[in-house]
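Hello,

Here is the structure I said I would pass on. Please have a look, then read my notes below it.

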Amino acid sequence: MQRLEIIRGGGVDPTGRRGRDLVAAADRGALVRLAPGRFVDAERWRAADARVRHLARLDVVDELTAPRLVLSHVSALALHGLPWSGEFPEVVDVIDPERETSQSLRLLRKHPGKGRSMGLARASSGRPATDLRSTVVDIALTQDLRRSVPVLDVALQRGVDRSALRAELNAKRAVHGRDRARFAIEFADPGSGSVGESIARVALHELGAPRPGLQTEFHDATGFVARVDFWFPDHGVVLEFDGAAKYRDPAMRAAGLTAEDVLLQEKRREDRLRRVSDVRRLGRFGWPETQDTERLRALLLGLGLPLETRRFRRIR
């Protein structure tokens with residue numbers, strides 16, 4: 001996993017000259033200051049993705065904090081390579097085995113760990129971190145469904161057993177978020193094709209759509225036609241989620257194909273799919289619709305999908 005080099009000042013230079021030079025470089029914008037005496041190259045920081053930037057914060061905290069602290073929650077998620085949308089927090093999540101209450105500090109967000117049992121893994125530095133099962137259940141307890149469901153989908157794909165997640169949740173002492181976490185664990189599906197599809201599935205649920213089959217394959221007289229993202233067999237509706245990357249990012253396309261080639265392939269694929277006897281309607285949606293309830297509702301109703309009115313309540 002890619003890591004940014006931590007540039008150290010302060011105590012490593014008793015004369016203080018290097019420390020002053022580093023602070024001056026940070027003031028000029030050549031370095032990014034992550035903590036007292038700890039910097040990274042600004043250009044590399046900007047080029048790095050959100051996960052790599054958070055891992056740099058983990059490396060800094062590892063040097064500056066007590067060894068009893070256990071990396072957890074979103075920080076453990078980053079270590080395990082689990083999906084996360086948007087920026088990571090600027091603080092590092094840890095569990096303090098000596099605390100009974102939470103505490104927020106400049107560099108750390110401490111979660112209470114006194115009396116808590118948890119599975120442990122190890123960061124490359126040797127610092128303890130919550131293992132995959134403990135981490136994903138912590139995420140389910142503390143994050144909304146759009147963030148927790150993609151994490152749980154990936155955990156199931158990696159072989160974590162759903163019953164083990166239930167047992168982990170039941171062993172937690174937390175009260176807040178239990179109902180939401182329990183729902184997320186049952187809703188999770190290892191058949192999800194991508195993080196975007198996981199979030200899209202949550203958006204469909206929020207509107208009361210029937211639960212679809214995932215990655216369903218269709219065939220005709222000449223063989224394989226397509227594997228579709230969402231299939232509603234009772235209504236004959238195929239729904240595809242488009243993240244647009246395959247059109248815009250050459251790395252997401254087969255070698256030598258242009259965006260126009262991909263569009264033509266998709267058109268031919270859809271033409272064949274529409275001729276499959278079970279398929280009555282086909283629709284597409286993407287990130288804009290997952291963020292706009294009314295646009296997605298109009299699309300689903302236009303495809304003939306019934307939407308159940310959800311009775312939302314406060315989930316603790």
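**Overall**

This is a predicted model. The protein has 316 residues, and 47% of them are buried. Its secondary structure comprises 13 helices and 13 strands. Take the contacts in the protein with a separation of 6 or more: residues 24 or more positions apart account for 58% of them.

Start with H5 and H6. Their axes come within 8 Å and cross at roughly 160 degrees. Angles over 145 degrees count as roughly antiparallel, so H5 and H6 are roughly antiparallel to each other. The crossing is left-handed. From H5, the residues in contact are Val136, Ile139 and Ala140. From H6, they are Arg147, Ser148, Val151, Leu152 and Ala155. By class, this contact has 6 nonpolar residues, 1 polar and 1 charged.

H5 (residues 132-142) also meets H7 (residues 162-171). Here the axes come within 10 Å and cross at roughly 65 degrees. This crossing is right-handed. H5 brings Arg133, Ser134, Val136, Val137 and Leu141 to the contact. H7 brings Ala164, Leu165, Glu168 and Leu169. The residues divide into 6 nonpolar, 1 polar and 2 charged. Note Val136: this H5 residue meets H7, and Val136 also meets H6.

Next, H6 (residues 145-157) and H9 (residues 195-206). Their axes come within 9 Å and cross at roughly 130 degrees. H6 and H9 are therefore oblique to each other. The crossing is right-handed. On the H6 side, Leu145, Arg146, Val149, Pro150 and Asp153 take part. On the H9 side, the residues are Val195, Ser198, Ile199, Arg201, Val202, Ala203 and Glu206. This contact divides into 7 nonpolar, 1 polar and 4 charged residues.

That leaves H8 (residues 178-187). Which of its residues are buried? They are Arg178, Arg180, Ala181, Ala184, Ile185 and Phe187. The cover over these buried residues includes H5, H6, H7 and H9.

**Two residues to look at**

Glu270 lies in helix H11. Is Glu270 buried or exposed? Its relative accessible area is 11%. Buried means under 20%, so Glu270 counts as buried. Leaving out residues up to four places away in sequence, Glu270 touches Leu282 and Arg284.

Val279 sits in the loop between helix H11 (259-274) and strand E13 (281-286). Val279 is buried too, with a relative accessible area of 8%. What does Val279 touch, not counting residues up to four places away in sequence? The list is Phe218, Trp231, Gly236, Val238, Leu273 and Arg274. Val279 and Pro233 are 46 residues apart in sequence, yet 8.3 Å apart in space, C-alpha to C-alpha.

Best wishes

Key
Residues are numbered from 1 along each chain as its sequence is written. This is a predicted model: local features need pLDDT of at least 70, side-chain atom pairs count only at pLDDT 80 or more; totals for chains, interfaces and linings use all residues. Side-chain values use heavy atoms; hydrogens and water are left out. Axes are lines fitted to C-alpha atoms, for helices over the stretch in contact, and angles run from 0 to 180 degrees between N-to-C directions. Helices (H or I, at least four residues) and strands (E, at least two) are DSSP runs, numbered from the N terminus. Angles under 35 degrees count as roughly parallel, over 145 as roughly antiparallel, 65 to 115 as roughly perpendicular and the rest as oblique. A crossing is left-handed if the near helix is turned anticlockwise from the far one by less than a right angle, and right-handed if clockwise. Contact means heavy atoms within 4.5 Å. Ala, Val, Leu, Ile, Met, Phe, Trp, Tyr, Cys and Pro count as nonpolar, Asp, Glu, Lys and Arg as charged, and the others, Gly among them, as polar. Buried means under 20% relative accessible area, exposed over 50%, partly exposed in between (1.4 Å probe, protein chains only).
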